[in-house]
Amino acid sequence: MNFSKISLQLIAFTILLVSSFTLVTAQTYQTVADGNWQSQGTWLNGNKPNINNKIGNNVHILISHDVTLQGKDVEINGNNNTLLEINGGKLHGNGSGMKKLIILDGTFKAINAEVEFESVENYDKLELESSCMTVFNGDFINDGGDCTFTSACLNVTNGNVGNIGNATMTGTISALNIPNGNAANTSSVWNTITNDFHVSGSITAPIANFTTSQTSAWMNAHFATCQCSVIIPSNSASNKTGLWSDPTLWTNGLPGADTDIQLNNDVTLDVDHTVNDGKTISLGSGVTLTIQSGKLLTISGILQNDGTIDGQVKIQNNSNVTMDLGDISTLELSMPGNTLTTSASSIITNKLKLTDGTINTNNNSFTLQADQNKTALVEQLNGTVSGDVTVQQYFNNSDGHHFLSTPVSGATLQELNDDINLNYSAGVPNIYMYDETDPSPDYGDGWVSPSSLNSGLTAGVGYTSWFPTTGGMTVDITGALQNGSYSIPLTYTPSNGTPPDPNSIPEGWNFIGNPYPSPINADMIQMLGAQNLANSIYILDATSNN
(Lines give C-alpha, C1' and ligand atoms only; values in the text may rest on other atoms or scores of the structure.)
Protein backbone atom coordinates (compact mmCIF):
# COMPACT_ATOMS: atom_id res chain seq x y z
CA MET A 1 0.00 0.00 0.00
CA ASN A 2 1.29 3.47 -0.89
CA PHE A 3 1.39 6.18 1.75
CA SER A 4 1.35 9.96 1.26
CA LYS A 5 3.24 12.19 3.63
CA ILE A 6 2.17 15.72 4.60
CA SER A 7 4.34 18.65 5.67
CA LEU A 8 2.23 21.26 7.47
CA GLN A 9 3.29 24.78 8.50
CA LEU A 10 2.19 25.67 12.02
CA ILE A 11 3.00 29.12 13.33
CA ALA A 12 3.68 29.23 17.07
CA PHE A 13 2.42 32.33 18.83
CA THR A 14 3.82 33.68 22.07
CA ILE A 15 1.26 35.80 23.91
CA LEU A 16 2.27 38.06 26.76
CA LEU A 17 -0.36 39.72 28.97
CA VAL A 18 1.30 42.63 30.74
CA SER A 19 -0.37 44.25 33.68
CA SER A 20 0.84 46.85 36.08
CA PHE A 21 -0.52 48.26 39.27
CA THR A 22 0.48 50.72 41.91
CA LEU A 23 1.24 49.37 45.35
CA VAL A 24 -0.34 51.15 48.29
CA THR A 25 1.18 51.60 51.74
CA ALA A 26 0.27 49.32 54.61
CA GLN A 27 -2.03 51.93 56.15
CA THR A 28 -3.88 52.87 53.00
CA TYR A 29 -7.06 50.97 52.12
CA GLN A 30 -8.95 51.44 48.87
CA THR A 31 -12.07 49.83 47.43
CA VAL A 32 -12.03 48.28 43.95
CA ALA A 33 -15.56 46.80 43.80
CA ASP A 34 -19.05 47.01 45.30
CA GLY A 35 -19.56 44.65 48.22
CA ASN A 36 -19.40 44.09 51.95
CA TRP A 37 -16.79 45.90 54.00
CA GLN A 38 -15.79 42.54 55.48
CA SER A 39 -15.09 40.99 52.04
CA GLN A 40 -11.49 41.01 50.83
CA GLY A 41 -12.79 41.25 47.25
CA THR A 42 -14.08 44.76 48.01
CA TRP A 43 -10.56 46.06 48.68
CA LEU A 44 -7.45 46.58 46.60
CA ASN A 45 -5.20 43.53 46.83
CA GLY A 46 -7.60 42.08 49.43
CA ASN A 47 -6.19 44.56 51.98
CA LYS A 48 -9.26 44.94 54.23
CA PRO A 49 -9.36 47.47 57.10
CA ASN A 50 -10.36 45.89 60.40
CA ILE A 51 -12.75 48.22 62.22
CA ASN A 52 -13.37 45.95 65.18
CA ASN A 53 -10.72 48.23 66.63
CA LYS A 54 -10.47 51.98 66.15
CA ILE A 55 -9.15 53.58 62.97
CA GLY A 56 -5.82 54.70 64.39
CA ASN A 57 -2.92 56.94 63.45
CA ASN A 58 -1.90 57.60 59.82
CA VAL A 59 -4.70 55.52 58.27
CA HIS A 60 -6.42 56.54 55.03
CA ILE A 61 -9.52 54.56 54.00
CA LEU A 62 -10.87 55.50 50.56
CA ILE A 63 -14.31 54.20 49.53
CA SER A 64 -15.42 54.87 45.96
CA HIS A 65 -17.89 52.00 45.54
CA ASP A 66 -21.15 50.79 47.11
CA VAL A 67 -19.99 49.32 50.42
CA THR A 68 -22.22 47.65 53.02
CA LEU A 69 -21.22 47.62 56.69
CA GLN A 70 -23.53 45.67 58.95
CA GLY A 71 -23.88 46.31 62.69
CA LYS A 72 -20.49 47.96 63.27
CA ASP A 73 -19.41 51.18 64.93
CA VAL A 74 -16.98 53.32 62.95
CA GLU A 75 -14.60 55.03 65.35
CA ILE A 76 -11.94 57.39 64.04
CA ASN A 77 -9.35 57.83 66.79
CA GLY A 78 -6.02 58.66 65.27
CA ASN A 79 -4.28 61.90 64.37
CA ASN A 80 -4.35 64.65 61.75
CA ASN A 81 -3.33 62.13 59.08
CA THR A 82 -6.22 59.77 59.82
CA LEU A 83 -8.96 59.99 57.19
CA LEU A 84 -12.07 58.00 56.29
CA GLU A 85 -13.13 59.27 52.86
CA ILE A 86 -16.20 58.27 50.83
CA ASN A 87 -15.62 59.76 47.38
CA GLY A 88 -18.14 58.95 44.68
CA GLY A 89 -19.41 55.93 46.60
CA LYS A 90 -21.85 54.74 49.25
CA LEU A 91 -21.40 53.52 52.81
CA HIS A 92 -24.52 52.04 54.33
CA GLY A 93 -25.92 49.19 56.38
CA ASN A 94 -28.07 46.25 55.40
CA GLY A 95 -31.40 45.95 57.16
CA SER A 96 -30.76 47.46 60.59
CA GLY A 97 -27.79 49.34 59.14
CA MET A 98 -24.63 50.46 60.79
CA LYS A 99 -24.18 51.79 64.30
CA LYS A 100 -22.37 54.91 65.40
CA LEU A 101 -19.92 57.14 63.58
CA ILE A 102 -17.60 58.53 66.26
CA ILE A 103 -14.92 61.01 65.19
CA LEU A 104 -12.56 61.48 68.13
CA ASP A 105 -9.36 62.43 66.34
CA GLY A 106 -9.12 62.59 62.56
CA THR A 107 -11.42 63.41 59.66
CA PHE A 108 -14.54 61.92 58.10
CA LYS A 109 -15.11 63.23 54.57
CA ALA A 110 -17.87 62.47 52.04
CA ILE A 111 -17.73 63.86 48.48
CA ASN A 112 -20.47 63.05 45.95
CA ALA A 113 -21.46 60.25 48.28
CA GLU A 114 -24.27 58.63 50.26
CA VAL A 115 -23.73 57.54 53.88
CA GLU A 116 -25.94 56.39 56.73
CA PHE A 117 -25.42 55.74 60.45
CA GLU A 118 -27.60 55.17 63.49
CA SER A 119 -25.99 58.19 65.16
CA VAL A 120 -23.07 60.56 64.65
CA GLU A 121 -20.73 62.12 67.21
CA ASN A 122 -18.08 64.50 65.90
CA TYR A 123 -15.30 65.78 68.13
CA ASP A 124 -12.83 66.67 65.38
CA LYS A 125 -13.61 67.15 61.64
CA LEU A 126 -16.57 66.13 59.51
CA GLU A 127 -16.96 67.30 55.90
CA LEU A 128 -19.94 66.70 53.58
CA GLU A 129 -19.67 67.93 49.99
CA SER A 130 -22.54 67.28 47.56
CA SER A 131 -23.37 64.30 49.72
CA CYS A 132 -26.36 62.83 51.51
CA MET A 133 -26.05 61.66 55.14
CA THR A 134 -28.86 59.80 56.88
CA VAL A 135 -28.89 59.34 60.67
CA PHE A 136 -31.82 57.07 61.31
CA ASN A 137 -31.95 56.12 64.99
CA GLY A 138 -30.15 58.75 67.05
CA ASP A 139 -28.61 62.21 67.16
CA PHE A 140 -26.20 64.07 64.95
CA ILE A 141 -23.96 65.79 67.50
CA ASN A 142 -21.08 68.12 66.73
CA ASP A 143 -19.43 68.40 70.15
CA GLY A 144 -16.49 70.77 69.94
CA GLY A 145 -15.78 69.64 66.42
CA ASP A 146 -15.66 71.31 63.03
CA CYS A 147 -18.42 70.49 60.51
CA THR A 148 -18.19 71.80 56.96
CA PHE A 149 -21.10 71.41 54.55
CA THR A 150 -21.02 72.12 50.81
CA SER A 151 -24.43 71.67 49.15
CA ALA A 152 -25.01 68.68 51.40
CA CYS A 153 -28.18 67.00 52.68
CA LEU A 154 -28.67 65.87 56.27
CA ASN A 155 -31.57 63.58 57.15
CA VAL A 156 -31.90 62.83 60.91
CA THR A 157 -35.03 60.71 61.02
CA ASN A 158 -35.35 59.98 64.76
CA GLY A 159 -33.14 62.34 66.73
CA ASN A 160 -31.70 65.82 67.13
CA VAL A 161 -29.02 67.90 65.46
CA GLY A 162 -26.83 69.45 68.12
CA ASN A 163 -23.96 71.92 67.76
CA ILE A 164 -22.45 72.10 71.25
CA GLY A 165 -19.25 72.47 73.22
CA ASN A 166 -17.75 75.41 71.30
CA ALA A 167 -18.25 73.59 68.02
CA THR A 168 -18.35 75.18 64.55
CA MET A 169 -20.69 74.49 61.62
CA THR A 170 -20.09 76.29 58.32
CA GLY A 171 -21.10 76.08 54.66
CA THR A 172 -24.45 75.27 53.08
CA ILE A 173 -27.01 72.53 53.67
CA SER A 174 -29.33 72.08 50.70
CA ALA A 175 -31.88 70.13 52.74
CA LEU A 176 -32.14 69.47 56.48
CA ASN A 177 -34.82 67.07 57.70
CA ILE A 178 -35.45 66.54 61.45
CA PRO A 179 -38.95 65.02 61.63
CA ASN A 180 -38.67 63.93 65.28
CA GLY A 181 -36.28 66.29 67.00
CA ASN A 182 -34.69 69.68 67.44
CA ALA A 183 -31.97 71.83 65.83
CA ALA A 184 -29.95 72.96 68.83
CA ASN A 185 -27.00 75.34 69.03
CA THR A 186 -25.41 75.76 72.48
CA SER A 187 -22.35 77.95 73.08
CA SER A 188 -21.18 77.24 69.54
CA VAL A 189 -20.93 78.78 66.08
CA TRP A 190 -23.73 77.84 63.65
CA ASN A 191 -22.86 79.69 60.45
CA THR A 192 -24.34 77.06 58.17
CA ILE A 193 -26.94 78.33 55.72
CA THR A 194 -29.81 75.87 55.32
CA ASN A 195 -31.90 76.27 52.17
CA ASP A 196 -34.80 73.82 52.65
CA PHE A 197 -35.63 72.51 56.10
CA HIS A 198 -38.21 70.60 58.10
CA VAL A 199 -37.78 70.56 61.90
CA SER A 200 -40.61 69.17 64.00
CA GLY A 201 -39.24 70.49 67.31
CA SER A 202 -37.48 73.69 68.33
CA ILE A 203 -34.76 75.59 66.51
CA THR A 204 -32.24 77.31 68.76
CA ALA A 205 -29.77 77.78 65.92
CA PRO A 206 -29.83 81.22 64.20
CA ILE A 207 -33.25 81.17 62.52
CA ALA A 208 -32.03 83.67 59.93
CA ASN A 209 -29.81 80.92 58.52
CA PHE A 210 -32.90 78.80 57.70
CA THR A 211 -34.39 79.81 54.35
CA THR A 212 -37.42 77.76 53.27
CA SER A 213 -39.63 75.60 55.46
CA GLN A 214 -40.82 72.42 53.75
CA THR A 215 -43.36 69.71 54.62
CA SER A 216 -42.52 66.23 55.77
CA ALA A 217 -43.84 64.88 52.46
CA TRP A 218 -41.49 67.18 50.53
CA MET A 219 -38.53 65.93 52.53
CA ASN A 220 -39.52 62.28 52.11
CA ALA A 221 -39.63 62.72 48.34
CA HIS A 222 -36.36 64.65 48.32
CA PHE A 223 -34.40 62.08 50.32
CA ALA A 224 -36.00 59.15 48.51
CA THR A 225 -33.72 59.96 45.56
CA CYS A 226 -30.87 61.50 47.57
CA GLN A 227 -30.87 64.56 45.34
CA CYS A 228 -27.85 66.12 47.03
CA SER A 229 -25.62 63.24 45.97
CA VAL A 230 -23.94 63.51 42.59
CA ILE A 231 -22.51 60.03 42.26
CA ILE A 232 -21.81 59.94 38.51
CA PRO A 233 -20.25 62.97 36.79
CA SER A 234 -21.28 63.68 33.21
CA ASN A 235 -17.62 63.98 32.21
CA SER A 236 -14.26 63.47 33.84
CA ALA A 237 -10.62 63.64 32.77
CA SER A 238 -7.45 62.19 34.23
CA ASN A 239 -5.05 64.69 35.75
CA LYS A 240 -2.16 62.39 36.70
CA THR A 241 -0.76 58.88 36.28
CA GLY A 242 -2.25 56.22 38.54
CA LEU A 243 -5.02 53.75 39.27
CA TRP A 244 -8.43 54.24 37.65
CA SER A 245 -10.18 53.61 40.99
CA ASP A 246 -8.42 56.54 42.69
CA PRO A 247 -10.93 59.44 42.78
CA THR A 248 -8.09 61.95 43.02
CA LEU A 249 -6.99 60.83 39.55
CA TRP A 250 -10.02 62.53 38.01
CA THR A 251 -10.90 66.19 37.52
CA ASN A 252 -14.61 65.61 38.18
CA GLY A 253 -14.77 62.49 40.32
CA LEU A 254 -14.78 58.80 39.45
CA PRO A 255 -16.34 58.18 36.02
CA GLY A 256 -19.45 56.05 35.79
CA ALA A 257 -20.97 54.21 32.85
CA ASP A 258 -22.71 57.43 31.74
CA THR A 259 -19.58 59.57 31.94
CA ASP A 260 -17.58 60.94 29.00
CA ILE A 261 -13.95 60.09 29.80
CA GLN A 262 -10.75 61.80 28.64
CA LEU A 263 -7.44 60.11 29.45
CA ASN A 264 -4.59 62.62 29.39
CA ASN A 265 -2.18 60.46 31.40
CA ASP A 266 -1.12 56.82 31.66
CA VAL A 267 -3.81 55.05 33.71
CA THR A 268 -4.16 51.49 35.01
CA LEU A 269 -7.71 50.11 34.93
CA ASP A 270 -7.94 48.02 38.11
CA VAL A 271 -11.74 47.51 37.97
CA ASP A 272 -14.20 46.42 35.28
CA HIS A 273 -15.70 49.45 33.55
CA THR A 274 -18.47 50.03 31.00
CA VAL A 275 -18.93 53.02 28.69
CA ASN A 276 -22.64 53.26 27.88
CA ASP A 277 -24.29 54.10 24.58
CA GLY A 278 -23.94 57.78 23.73
CA LYS A 279 -20.79 58.22 25.84
CA THR A 280 -17.16 58.46 24.68
CA ILE A 281 -13.82 57.35 26.08
CA SER A 282 -10.86 59.18 24.53
CA LEU A 283 -7.13 58.54 24.83
CA GLY A 284 -4.73 61.36 24.03
CA SER A 285 -1.67 60.92 21.84
CA GLY A 286 1.06 58.94 23.61
CA VAL A 287 -1.26 57.90 26.47
CA THR A 288 -1.35 54.24 27.60
CA LEU A 289 -4.34 52.62 29.29
CA THR A 290 -3.17 49.41 30.97
CA ILE A 291 -6.01 47.03 31.82
CA GLN A 292 -5.06 44.63 34.59
CA SER A 293 -5.31 40.90 33.88
CA GLY A 294 -8.86 39.70 34.54
CA LYS A 295 -10.37 43.19 34.14
CA LEU A 296 -12.42 44.32 31.14
CA LEU A 297 -13.26 47.61 29.46
CA THR A 298 -16.68 47.24 27.80
CA ILE A 299 -17.71 49.89 25.28
CA SER A 300 -21.27 50.38 24.08
CA GLY A 301 -20.50 53.98 23.16
CA ILE A 302 -17.55 55.46 21.27
CA LEU A 303 -13.79 54.84 21.51
CA GLN A 304 -11.44 57.57 20.31
CA ASN A 305 -8.00 56.04 20.77
CA ASP A 306 -4.98 58.12 19.82
CA GLY A 307 -2.86 56.23 22.35
CA THR A 308 -2.38 52.58 23.34
CA ILE A 309 -4.65 50.15 25.21
CA ASP A 310 -2.84 47.18 26.75
CA GLY A 311 -5.50 44.71 27.87
CA GLN A 312 -8.98 43.43 27.05
CA VAL A 313 -11.57 45.63 25.34
CA LYS A 314 -15.05 44.47 24.33
CA ILE A 315 -17.12 46.45 21.80
CA GLN A 316 -20.84 45.66 22.06
CA ASN A 317 -22.81 48.49 20.40
CA ASN A 318 -26.44 47.82 19.49
CA SER A 319 -26.25 49.87 16.28
CA ASN A 320 -23.79 50.74 13.54
CA VAL A 321 -20.95 52.92 14.82
CA THR A 322 -17.76 54.61 13.62
CA MET A 323 -14.76 54.85 15.93
CA ASP A 324 -10.98 55.10 16.13
CA LEU A 325 -9.76 51.80 17.56
CA GLY A 326 -6.11 52.83 17.57
CA ASP A 327 -3.58 50.45 19.14
CA ILE A 328 -5.27 47.70 21.22
CA SER A 329 -3.83 44.54 22.70
CA THR A 330 -6.97 42.34 22.83
CA LEU A 331 -10.24 43.33 21.13
CA GLU A 332 -13.55 41.46 21.11
CA LEU A 333 -16.31 42.48 18.70
CA SER A 334 -19.82 41.51 19.89
CA MET A 335 -22.27 43.48 17.72
CA PRO A 336 -24.78 41.00 16.22
CA GLY A 337 -26.15 42.36 12.92
CA ASN A 338 -24.21 45.64 13.21
CA THR A 339 -21.03 47.13 11.76
CA LEU A 340 -18.11 48.94 13.36
CA THR A 341 -16.44 51.22 10.80
CA THR A 342 -12.91 52.38 11.54
CA SER A 343 -12.07 56.06 11.13
CA ALA A 344 -8.26 55.69 11.26
CA SER A 345 -5.48 53.11 11.31
CA SER A 346 -5.89 50.21 13.74
CA ILE A 347 -3.34 47.85 15.31
CA ILE A 348 -4.07 44.63 17.21
CA THR A 349 -1.05 43.36 19.13
CA ASN A 350 -2.44 40.25 20.82
CA LYS A 351 -5.85 38.95 19.75
CA LEU A 352 -8.87 39.91 17.66
CA LYS A 353 -11.95 37.96 18.77
CA LEU A 354 -14.79 38.20 16.23
CA THR A 355 -17.79 37.00 18.24
CA ASP A 356 -20.53 38.78 16.25
CA GLY A 357 -20.87 41.68 13.84
CA THR A 358 -18.58 43.20 11.23
CA ILE A 359 -15.52 45.41 11.31
CA ASN A 360 -15.34 47.57 8.18
CA THR A 361 -11.75 48.76 7.74
CA ASN A 362 -13.06 51.57 5.50
CA ASN A 363 -9.81 51.54 3.43
CA ASN A 364 -7.84 52.34 6.59
CA SER A 365 -4.80 50.33 7.61
CA PHE A 366 -5.72 47.43 9.92
CA THR A 367 -2.75 45.44 11.21
CA LEU A 368 -2.33 42.22 13.16
CA GLN A 369 1.08 43.02 14.60
CA ALA A 370 4.01 40.72 15.36
CA ASP A 371 7.39 41.21 17.00
CA GLN A 372 9.97 39.02 18.69
CA ASN A 373 7.76 38.71 21.80
CA LYS A 374 4.27 38.00 20.49
CA THR A 375 2.13 37.59 17.38
CA ALA A 376 -1.46 38.81 17.05
CA LEU A 377 -4.04 36.21 16.06
CA VAL A 378 -7.71 36.01 15.11
CA GLU A 379 -10.36 33.99 16.94
CA GLN A 380 -13.17 33.90 14.39
CA LEU A 381 -16.63 32.92 15.63
CA ASN A 382 -19.65 34.59 13.97
CA GLY A 383 -17.99 37.94 13.26
CA THR A 384 -16.23 39.10 10.10
CA VAL A 385 -13.83 41.75 8.82
CA SER A 386 -14.75 43.63 5.67
CA GLY A 387 -11.71 45.09 3.92
CA ASP A 388 -8.01 44.38 3.79
CA VAL A 389 -5.99 43.39 6.84
CA THR A 390 -2.20 43.36 7.12
CA VAL A 391 -0.98 40.22 8.90
CA GLN A 392 2.56 40.25 10.28
CA GLN A 393 4.84 37.37 11.25
CA TYR A 394 8.20 37.72 12.98
CA PHE A 395 11.03 35.30 12.16
CA ASN A 396 14.03 34.78 14.44
CA ASN A 397 17.45 33.80 13.09
CA SER A 398 16.42 34.75 9.58
CA ASP A 399 19.50 33.46 7.73
CA GLY A 400 18.25 30.40 5.85
CA HIS A 401 15.03 28.92 4.49
CA HIS A 402 11.70 29.61 6.16
CA PHE A 403 8.30 28.05 5.45
CA LEU A 404 5.52 30.51 4.62
CA SER A 405 1.83 30.48 3.74
CA THR A 406 -0.77 33.18 3.18
CA PRO A 407 -3.50 33.94 5.78
CA VAL A 408 -5.28 36.32 3.36
CA SER A 409 -6.83 36.13 -0.10
CA GLY A 410 -6.06 38.35 -3.06
CA ALA A 411 -2.33 38.72 -2.30
CA THR A 412 0.50 38.21 -4.79
CA LEU A 413 4.20 37.58 -4.39
CA GLN A 414 4.66 41.35 -4.40
CA GLU A 415 3.39 41.24 -0.80
CA LEU A 416 6.47 39.23 0.15
CA ASN A 417 8.91 40.95 -2.20
CA ASP A 418 8.63 44.23 -0.29
CA ASP A 419 10.09 42.46 2.76
CA ILE A 420 12.23 39.74 1.14
CA ASN A 421 14.27 40.08 -2.06
CA LEU A 422 12.73 37.26 -4.06
CA ASN A 423 15.46 37.80 -6.70
CA TYR A 424 13.21 37.59 -9.75
CA SER A 425 15.24 40.27 -11.54
CA ALA A 426 18.29 37.97 -11.47
CA GLY A 427 16.30 35.12 -12.93
CA VAL A 428 16.99 32.82 -9.98
CA PRO A 429 14.03 33.26 -7.62
CA ASN A 430 14.54 32.27 -4.00
CA ILE A 431 10.95 31.24 -3.32
CA TYR A 432 9.60 27.78 -4.12
CA MET A 433 6.57 25.52 -3.86
CA TYR A 434 6.72 21.74 -3.95
CA ASP A 435 5.07 19.82 -6.81
CA GLU A 436 4.51 16.27 -5.62
CA THR A 437 3.15 15.24 -9.05
CA ASP A 438 6.63 15.59 -10.65
CA PRO A 439 7.61 11.94 -11.31
CA SER A 440 11.35 12.62 -11.17
CA PRO A 441 13.11 10.36 -8.67
CA ASP A 442 15.26 13.32 -7.57
CA TYR A 443 13.36 15.15 -4.82
CA GLY A 444 15.08 18.42 -5.80
CA ASP A 445 13.19 18.46 -9.10
CA GLY A 446 9.90 18.84 -7.24
CA TRP A 447 10.76 22.34 -6.03
CA VAL A 448 9.27 24.85 -8.47
CA SER A 449 9.12 28.63 -8.40
CA PRO A 450 6.03 30.73 -9.20
CA SER A 451 6.24 32.32 -12.63
CA SER A 452 6.41 36.00 -11.57
CA LEU A 453 5.90 38.49 -8.77
CA ASN A 454 2.32 38.86 -10.01
CA SER A 455 1.60 35.22 -9.16
CA GLY A 456 -1.13 34.90 -6.57
CA LEU A 457 -0.47 33.37 -3.18
CA THR A 458 -2.80 30.38 -2.82
CA ALA A 459 -4.55 29.38 0.39
CA GLY A 460 -3.25 26.09 1.77
CA VAL A 461 -0.08 26.11 -0.34
CA GLY A 462 3.26 26.04 1.42
CA TYR A 463 6.14 28.22 0.23
CA THR A 464 9.78 28.21 1.24
CA SER A 465 11.99 31.27 0.90
CA TRP A 466 15.58 32.19 1.67
CA PHE A 467 15.98 35.14 4.04
CA PRO A 468 19.46 36.60 3.46
CA THR A 469 19.91 38.15 6.92
CA THR A 470 21.18 36.90 10.27
CA GLY A 471 18.94 39.17 12.33
CA GLY A 472 15.23 38.89 13.03
CA MET A 473 12.77 39.93 10.35
CA THR A 474 9.09 40.92 10.19
CA VAL A 475 7.14 39.85 7.10
CA ASP A 476 3.65 41.12 6.30
CA ILE A 477 0.94 40.17 3.83
CA THR A 478 -2.15 42.31 3.11
CA GLY A 479 -5.53 41.10 1.88
CA ALA A 480 -8.92 39.81 3.01
CA LEU A 481 -8.71 37.48 6.03
CA GLN A 482 -9.32 33.86 5.20
CA ASN A 483 -11.74 31.82 7.27
CA GLY A 484 -14.02 28.84 6.91
CA SER A 485 -13.11 25.37 5.69
CA TYR A 486 -10.39 24.61 3.14
CA SER A 487 -10.08 21.29 1.37
CA ILE A 488 -6.55 20.60 0.15
CA PRO A 489 -6.06 17.61 -2.19
CA LEU A 490 -3.09 15.34 -1.43
CA THR A 491 -1.33 13.29 -4.07
CA TYR A 492 1.00 10.32 -4.33
CA THR A 493 3.02 10.06 -7.54
CA PRO A 494 5.31 7.07 -8.18
CA SER A 495 8.82 7.98 -9.33
CA ASN A 496 9.86 7.09 -12.89
CA GLY A 497 13.28 5.90 -11.82
CA THR A 498 15.54 5.07 -8.94
CA PRO A 499 16.18 7.94 -6.49
CA PRO A 500 19.82 9.09 -6.52
CA ASP A 501 19.63 9.25 -2.73
CA PRO A 502 17.78 6.28 -1.23
CA ASN A 503 17.24 8.30 1.97
CA SER A 504 15.45 11.09 0.05
CA ILE A 505 12.53 9.46 -1.72
CA PRO A 506 10.22 12.17 -3.14
CA GLU A 507 7.09 10.06 -3.46
CA GLY A 508 4.07 11.25 -1.45
CA TRP A 509 5.49 14.43 0.09
CA ASN A 510 2.85 17.21 0.11
CA PHE A 511 3.81 20.74 1.17
CA ILE A 512 0.79 22.29 2.94
CA GLY A 513 0.40 25.80 4.37
CA ASN A 514 -1.76 27.11 7.23
CA PRO A 515 -4.48 29.25 5.54
CA TYR A 516 -5.51 31.15 8.68
CA PRO A 517 -4.23 34.21 10.64
CA SER A 518 -4.02 32.05 13.76
CA PRO A 519 -2.54 28.76 14.96
CA ILE A 520 -4.40 25.57 14.14
CA ASN A 521 -4.77 22.39 16.15
CA ALA A 522 -3.38 19.51 14.14
CA ASP A 523 -5.71 17.13 15.99
CA MET A 524 -8.71 18.97 14.48
CA ILE A 525 -7.59 18.56 10.87
CA GLN A 526 -9.85 16.03 9.15
CA MET A 527 -7.72 13.74 7.01
CA LEU A 528 -10.06 12.18 4.45
CA GLY A 529 -8.65 8.85 3.35
CA ALA A 530 -6.40 8.88 6.40
CA GLN A 531 -5.59 5.21 5.94
CA ASN A 532 -3.34 6.33 3.10
CA LEU A 533 -1.42 8.86 5.19
CA ALA A 534 1.66 8.41 7.31
CA ASN A 535 1.01 9.35 10.90
CA SER A 536 3.47 12.24 10.98
CA ILE A 537 3.68 15.97 10.27
CA TYR A 538 6.93 17.87 9.78
CA ILE A 539 7.79 21.53 10.25
CA LEU A 540 11.08 23.30 9.64
CA ASP A 541 13.16 24.49 12.59
CA ALA A 542 14.90 27.52 11.09
CA THR A 543 17.41 27.70 13.93
CA SER A 544 18.83 24.23 13.38
CA ASN A 545 17.82 24.19 9.69
CA ASN A 546 16.32 20.71 10.15
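**Close-up 1. Asp246 and its salt-bridge partner Lys240**. In this predicted model, Asp246 is buried, with a relative accessible area of 17%. Buried stands for under 20% relative accessible area, exposed for over 50%, and partly exposed for values in between (1.4 Å probe, protein chains only). Lys240 is partly exposed at 33% relative accessibility. The two side chains meet in a salt bridge, with an N to O distance of 3.7 Å. A salt bridge here is a side-chain nitrogen of Lys or Arg within 4 Å of a carboxyl oxygen of Asp or Glu. The structure holds four salt bridges.

**Close-up 2. The salt bridge between Lys351 and Glu379**. The closest N and O atoms of Lys351 and Glu379 are 2.6 Å apart. This pair links distant parts of the chain, 28 residues apart: Lys351 lies in strand β35 (residues 346-360) and Glu379 in strand β37 (residues 377-380). Strands (E, at least two residues) and helices (H or I, at least four) are DSSP runs, numbered from the N terminus. Lys351 is partly exposed, with a relative accessible area of 26%. Glu379 also counts as partly exposed, at 26% relative accessibility.

**Close-up 3. The salt bridge between Glu121 and Lys100**. The closest N and O atoms of Glu121 and Lys100 are 3.7 Å apart. Glu121 belongs to strand β12 (residues 119-122) and Lys100 to strand β9 (residues 100-105); the pair links distant parts of the chain, 21 residues apart. Glu121 is partly exposed at 22% relative accessibility, and Lys100 is partly exposed at 34%.

**Close-up 4. A nonpolar surface patch around Ile488**. Tyr486, Ile488 and Leu490 make a nonpolar patch of about 210 Å². Patches are made of residues with over 30% relative accessible area and no salt bridge; like charges are joined within 9 Å, and nonpolar side chains (Val, Leu, Ile, Met, Phe, Trp, Tyr) within 5 Å. Areas come from the Shrake-Rupley method with a 1.4 Å probe, and for residues only the protein chains shown count as cover. Ile488 sits in the loop between β45 (473-481) and β46 (509-512) and is partly exposed at 31% relative accessibility.

**Close-up 5. Residues 1-26 and model confidence**. The chain averages a pLDDT of 88, and 92% of the residues score at least 70. Over residues 1-26 the pLDDT is below 50. Beyond near neighbours in sequence, residues 1-26 have 79 contacts in the model. pLDDT is the predictor's confidence in each residue, from 0 to 100, and a contact means heavy atoms within 4.5 Å.

**Notes to all views.** Residues are numbered from 1 along each chain as its sequence is written, and side-chain values use heavy atoms, with hydrogens and water left out. Local features need pLDDT of at least 70 and side-chain atom pairs count only at pLDDT 80 or more, whereas totals for chains, interfaces and linings use all residues.
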